[in-house]
Structure formats: C-alpha cells, structure tokens
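Let's take a friendly look at one protein chain and see how its parts sit against each other. Have the picture open while you read.

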Amino acid sequence: MAVQDLTRFESDERPENIPSELDDLTHAEMRMLYAESVEVVRFAKTQQWKSVGAILVVFIALMGLSQLAEQKPLLTNLIIAISFVCSGGVIYSLALYQAWQNTERKKLREIGLHLSSYAKAIRAIKSSREANVHRYTLLAFMIVSVLMGNLMLVLFVSPLYR
C-alpha cells in the first residue's frame, strides 16, 4: 500500500491527503511524543558512537601506560584485565543503547499509525527491514571495533607477543 502511495506521489496527480483522525489536543500530544522519541533515538545513537570512541582512547592510554610498565608483569596483567572489563562494559552499554532505541522506534511506529496519509507514505519510504539491516550492521561494526581495539592492546602490551 505504501509503495503504491509513493508511486502515485511521483506522478503528476497527487492523492487526497487524509488528515489524522485525532482531536487537536491528542494530535499535539502525539507530535510532542514523536519529537521526544526522535531525540531519544538520536541521543542513544550518539552515546553509542561516543562509547566506542572513548574506549578506543582508553586503549591508547593503556598502551602508553604499558610503556611505563615494561618488565613489570603484574602491571601488564592488570592493564590487560582492565581492557577486558572495559570492553565488556562498553559492549553491554552498546546493547542497552540499541534496546533503548528499539523501544523508542516502537513508539514512533505506533504514533505514526495516527498521522495523516502523507506522513504515513513518507515514513514508508525506507522499509523497516532495510532500516534494521543498517542498524544492526552498524552495531556489529561498533562491537567489532571494540574487540579489535582490545586485541590490538593485548598484542601491544603482552610480552608473549614481542
């Protein structure tokens, strides 16, 4: 249905816009909730990227610290342990942020059901399947980045690999 609506939008004749059936106050509430959910999704995605960046900076700092710890196996082991704990924490945080975003997207879908026919057609331009592939590809990239950073730190720090 949405694809047919979009096809019609591309032609010269525009279909009739069917407005929202909500009363003005409820419509205003829905718009406010919609805007709030969009901001939460943006915030959570920003936090995900900042978490990845921050852990990579921590790994670089630990690499620098390891240069001070040469020939001190206890400190080297402590640095490696810290990196594993931090990696686990960041990956857990990434998963939590993703779950939070999914909850907000469910709200957006529900609110979208009560918008005008034009708004529904515009929201249907990108399929939910395509959006999920993009989202989870990025999440996998973030997790792999954290794991690769941790691996690089362990290889750099561990005297077994020198």
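Here is a short tour, from the whole chain down to one residue.

Keep in mind that this is a predicted model. Of its 162 residues, 32% are buried. If you take contacts between residues at least 6 apart in sequence, 83% of them join residues at least 24 apart.

| Helix | Residues | Some of its contact residues |
|---|---|---|
| H3 | 73–112 | including Thr76, Phe84, Leu94 and Arg105 |
| H5 | 128–157 | including Arg135, Met142, Leu147 and Val157 |

Their axes come within 10 Å and cross at roughly 175 degrees. Angles over 145 degrees count as roughly antiparallel, and that is why H3 is described as roughly antiparallel to H5. What kinds of residues make up the contact of H3 with H5? They divide into 15 nonpolar, six polar and two charged. On the H3 side you'll also find Ile79, Ile80 and Val90, among others, while H5 brings in residues including Leu139, Ile143 and Val146.

Is arginine 105 buried or exposed? Arginine 105 is buried, yet it has no salt bridge. The nearest side chain of opposite charge belongs to glutamate 104, 9.7 Å away. Leaving aside residues up to four places away in sequence, arginine 105 touches Val41 and Arg135. Arg135 is also one of the H5 residues in the contact with H3.

Methods. Residues are numbered from 1 along each chain as its sequence is written. This is a predicted model: local features need pLDDT of at least 70, side-chain atom pairs count only at pLDDT 80 or more; totals for chains, interfaces and linings use all residues. Side-chain values use heavy atoms; hydrogens and water are left out. Axes are lines fitted to C-alpha atoms, for helices over the stretch in contact, and angles run from 0 to 180 degrees between N-to-C directions. Helices (H or I, at least four residues) and strands (E, at least two) are DSSP runs, numbered from the N terminus. Angles under 35 degrees count as roughly parallel, over 145 as roughly antiparallel, 65 to 115 as roughly perpendicular and the rest as oblique. Contact means heavy atoms within 4.5 Å. Ala, Val, Leu, Ile, Met, Phe, Trp, Tyr, Cys and Pro count as nonpolar, Asp, Glu, Lys and Arg as charged, and the others, Gly among them, as polar. Buried means under 20% relative accessible area, exposed over 50%, partly exposed in between (1.4 Å probe, protein chains only). Lys and Arg count as positive and Asp and Glu as negative; His and the chain ends are not counted. A salt bridge is a side-chain nitrogen of Lys or Arg within 4 Å of a carboxyl oxygen of Asp or Glu.
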